Amino acid sequence: MTSFKRHRTLRSTPWIRDLISESSLSPKDFILPLFITNENEPVYGASSTANITRHSFKSALSTLEQAIKLGIKAVFLFPVIPNDCKNNTGSHALEENLLVQFLNVAKEYKFPLSFCVDIALDPYTNHGHDGIIQSHGDTFYVDNDATNETLAQMAVHFARAGADVLCPSDMMDGRIDEFKKAFSAANLHSKAVFSYAAKYASCLYGPFRQMVGAKKLQGLEDKKTYQMDPRNSNEALSEISHDEQEGADALIIKPGLAYLDILAKAHQKTTLPLLAYQVSGEYAMIKLAAKEGVFSEQDAFLETAYAFKRAGARSIITYAALELAQWVNTTQI
Ligand code: PBG
């Protein structure tokens, strides 16, 4: 080993740093999640821990236009379902609900955007769980196979309404098989399934649950019987290969920053495209810390976005997608 090697040579000017950089960001890398309501006016800062917006159809449509101008290519839609439409089985998911209506309206505009829809029952159930709850005596459980049947119908329902990408976020076993079988029977061959392959039982979903009104879980008090244990990583690799075998088109790892190791391991293991989901609590942490002057919001979002790219993500689902697209369009990093 020579002692004359200087690592700082390759850091000495902006040009040489750019030349050798291993990852890059572009607006097409970001997918913007949007919460849609049937209210007439948007509510800005609807979640108390982060300034996430609850959109009216009108404000959502103008946000889509803004996203297109910035170079974003896809959005992720979540519904805020009124309480009186929720029930024990989440059956409103299979009806002409507000997300189906929104997709119908949005498709009229022929936006150059892909629409991803989350497939899970929690925005539609009165107990806030992702699936159908049954009980053995006084023990409650989420019924895997009954849930899968409903989720596959839900995926077909939203695909027919115009969703391009269906994203099961429920962590039931075998759901992708069911989706693919149902798509084949319904002649929906070009609809993609991006599965949340490794989704952990995380406290970082707090602001999201507040938004969709699933904050207080009933029956089972947490989602630990279906979402993954934060202590494990081998289990994630097993989930990832199973989803790949079932025919998932891409895989989502979630949350993002606290599970970068899982993303990096998944990148070693699969050839499928990977997406990192910077979830609502991660977004809130950065927003709140920046507001307190701990660091610059722009620097923190860009640094974490690079971390996802470096670890192997092809794309990033983030509530900061608009700002990030703006920054990568205008800023020399
Ligand atoms: C629904 C779902 C959740 C998130 C995405 N899809 C909540 C949960 O699983 O409890 C969380 C996303 C976020 O926090 O931004 N199953």
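Figure 1. Ala264 belongs to helix H8, which spans residues 260–269; helices (H or I, at least four residues) and strands (E, at least two) are DSSP runs numbered from the N terminus. This is a predicted model, in which local features need pLDDT of at least 70, side-chain atom pairs count only at pLDDT 80 or more, and totals for chains, interfaces and linings use all residues. Residues are numbered from 1 along each chain as its sequence is written, and side-chain values use heavy atoms, with hydrogens and water left out. Ala264 counts as partly exposed because its relative accessibility is 29%; buried means under 20% relative accessible area, exposed over 50%, and partly exposed in between (1.4 Å probe, protein chains only). Although 47 residues separate Ala264 from Ala311 in sequence, their C-alpha atoms are 4.7 Å apart in space.

Figure 2. Strand E5 (residues 133–136) pairs with strand E6 (residues 139–142) in the antiparallel sense, over four bridges; two strands pair if DSSP finds at least two bridges between them. His136 has Thr139 in E6 as its bridge partner. Two residues lie between the strands of this hairpin, and Gly137 takes a positive phi near 60°.

**Figure 3. Cysteines without disulfides.** A search of the whole structure finds zero disulfides, a disulfide being a pair of cysteine sulfur atoms within 2.5 Å. Cys167 is thus in no disulfide, and the nearest cysteine sulfur, that of Cys116, is 4.9 Å away. Cys167 counts as buried because its relative accessibility is 0%. Cys203 is exposed because its relative accessible area is 70%.

Figure 4. The whole structure holds 16 aromatic pairs. Rings of Phe, Tyr and Trp (its six-membered ring) pair if their centres lie within 6.5 Å; planes under 30 degrees apart count as stacked, over 60 as edge-to-face and the rest as tilted. Tyr109 and Phe111 form a stacked pair, with 5.1 Å from centre to centre and 5° between the planes. Tyr109 is partly exposed, at 45% relative accessibility, whereas Phe111 is buried, at 12%. Ring pairs also link a cluster whose members include Phe35, Tyr196 and Trp327.

**Figure 5. Lysines over tyrosine rings.** Lys199 lies over the face of Tyr196, 5.3 Å from the ring centre. A charge sits over a ring if NZ of Lys or CZ of Arg is within 6 Å of the ring centre and within 35 degrees of the ring normal. The charged end of Lys254 is placed over the ring of Tyr205, at 4.8 Å from its centre.
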